[in-house]
Amino acid sequence: MIELCTQIFNKNVWNIIIPATLQTIYMTVTSTILTFFLGLIFGIAMFITNKDGLHPCVIFNRIFGAAINAILSLPSMIIIILVLPISKFIVGVSYGPKACIVALVVVCTPIFSRLVENSIVEVSKGKIEAAKAMGASNINIILKVLLPESLPALIRNFVVLTITLISTTAIAGSLGAGGLGEVAVRFGYNRFRTDILISVILVLLVLVECLQLLGTFISKRILKKRHLI
Amino acid sequence: MAVPFIEIKNISKKYKSHKQEFEILKNISLEIEKGDIFGIVGFSGAGKSTLIRCINRLETVTSGTIRIGKVEINKLSKKEMNLYRQKIGIIFQHFNLFDSRTVFGNVAFPLEVAKKKKKEINKKVTEILELVGIANKQNFYPEQLSGGQKQRVGIARALANTPDILLSDEATSALDPVTSLSVLDLLKDINKKLKLTIILITHSLDVIKYTCNNMAVLENGVIAEKGKVKDIFENPTSTTAKVFIKNNANLSVTYNRGNVI
């Protein structure tokens with residue numbers, strides 16, 4: 001046990017782990033930004049095109065909903081395998097971090113769309129009706145009512161998104177995208193380096209835990225400011 | 001006789017649900033004068049809320065016309081509709097304030113929607129908060145306020161764009177009798193000060209008796225009777241009014257000002 005500990009905190013191990021961590025952070029941050037905007041737009045679109053929504057468009061809603069469900073129902077590993085070759089057309093390469101980002105966005109946008117939709121569904125109908133009655137346009141209602149009112153829930157769900165992206169990055173990493181996932185598979189699995197495997201797990205745990213704490217903190221602060229808790 | 005300010009003519013509203021068609025409003029006609037406080041009373045499900053929502057077109061009528069001033073509201077385009085809605089305030093039973101905004105922010109909302117300048121918004125909001133008596137609470141969030149204070153914010157928000165009409169959708173139903181009275185007093189006060197036409201729906205005859213000049217009784221989507229409040233109270237003809245007034249004799253004790261409860 002002590003031996004393992006000394007191995008984990010060995011300089012050689014961290015020479016491998018630190019660059020991999022940076023790569024993971026790079027992939028996660030970039031794909032988080034992209035997924036955030038796409039998911040936000042799609043989530044709002046799903047909400048307002050609903051049958052009783054602000055701008056009902058049932059056909060769009062059905063087709064789009066079905067597409068989201070289709071991607072959600074596939075294991076992320078399979079989507080990544082499917083998307084990596086397609087990445088070549090979009091970013092020019094089918095391997096490495098860049099290609100991985102495309103795959104990550106495809107995997108996580110549907111998830112975040114649903115999370116956004118579920119967050120803004122919680123805004124009471126009465127508030128939307130009140131805004132409508134005051135002559136607010138749909139854009140006004142989205143920007144001034146739906147998003148601010150659901151902000152605490154949106155932040156919590158944003159954390160869920162980032163955590164999902166970190167773990168998906170690890171999966172993509174094992175498929176040749178680089179980052180912590182690749183290190184875990186290449187060293188930890190193929191070469192039986194338990195010390196490296198454990199170091200990877202430690203880094204992932206710390207990353208996720210910090211994010212979760214930060215997200216909960218911000219969300220709670222907003223709720224407290226509004227005196228909702 | 002002069003042309004009434006609000007003229008609701010033969011409107012009906014049908015609603016389809018589970019392949020069945022319901023007629024919530026049947027051939028309703030009402031005339032409301034400018035500056036009047038008009039009460040619409042009825043049991044739950046009589047169609048009161050639907051009727052009031054037709055006036056600001058949160059619901060569209062199936063047939064018939066609603067004319068306000070010179071505008072026939074069913075002919076307005078969506079854009080015109082939004083401009084028109086700025087001139088009709090509405091207050092709700094459950095207030096529907098925005099939790100993400102302070103009292104000030106809530107009242108500023110309709111002004112932001114109307115694209116007013118920041119300076120103008122500041123001036124107007126301060127002025128209205130003064131009028132409804134909660135100027136000292138402008139940096140509070142809705143959750144920090146009592147029911148009565150919340151409804152005052154609701155009223156302030158509804159008045160922000162100096163509307164011609166104020167719709168009140170059971171605005172005092174969620175409040176205790178004393179607070180109700182103070183809110184109704186405020187409505188009467190602004191009716192006088194701003195020469196505002198108020199349409200008030202309620203299931204309480206006490207509210208009507210205390211506040212309104214004219215009233216209509218809604219029964220299963222039909223107007224059972226309409227006229228001056230005094231006349232209907234003295235000589236009710238519809239069953240709803242009779243039931244209400246009979247029960248009212250016991251209830252009105254709580255509403256006698258000065259010796260509340």
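In chain B, strand β7 and strand β8 (residues 197-202) pair in the parallel sense over five bridges; strands count as paired if DSSP finds at least two bridges between them. Getting from β7(B) to β8(B), the chain passes through helix α6 (residues 177-194) of chain B in a right-handed β-α-β crossover, meaning that with the strands pointing away from the viewer the path from first strand over helix to second runs clockwise. Helices (H or I, at least four residues) and strands (E, at least two) are DSSP runs, numbered from the N terminus.

This is a predicted model, where local features need pLDDT of at least 70, side-chain atom pairs count only at pLDDT 80 or more, and totals for chains, interfaces and linings use all residues. Residues are numbered from 1 along each chain as its sequence is written, with chains lettered from A and ligands numbered from 1 in the order in which they are written.

**Around strand β7**
- On the β8(B) side, B:Ser168 has B:Leu200 as its bridge partner.
- Strand β6 (residues 88-92) of chain B also pairs with β7(B), in the parallel sense over five bridges, and B:Ile90 stands opposite B:Leu167.
- Five of the five residues of β7(B) (165-169) are buried, so the strand is largely enclosed by the rest of the structure; buried means 20 or more other C-beta atoms within 10 Å of a residue's own, with C-beta atoms placed from the backbone.
- B:Ile165, B:Leu167 and B:Asp169 point one way, B:Leu166 and B:Ser168 the other.

**Helix α5**
- Ten of the 13 residues of α5(B) are buried, so this helix is largely enclosed too.
- Among the buried ones are B:Arg152, B:Val153 and B:Gly154.

Note on methods:
Buried ≥ 20, exposed ≤ 12 C-beta atoms within 10 Å, placed from the backbone.
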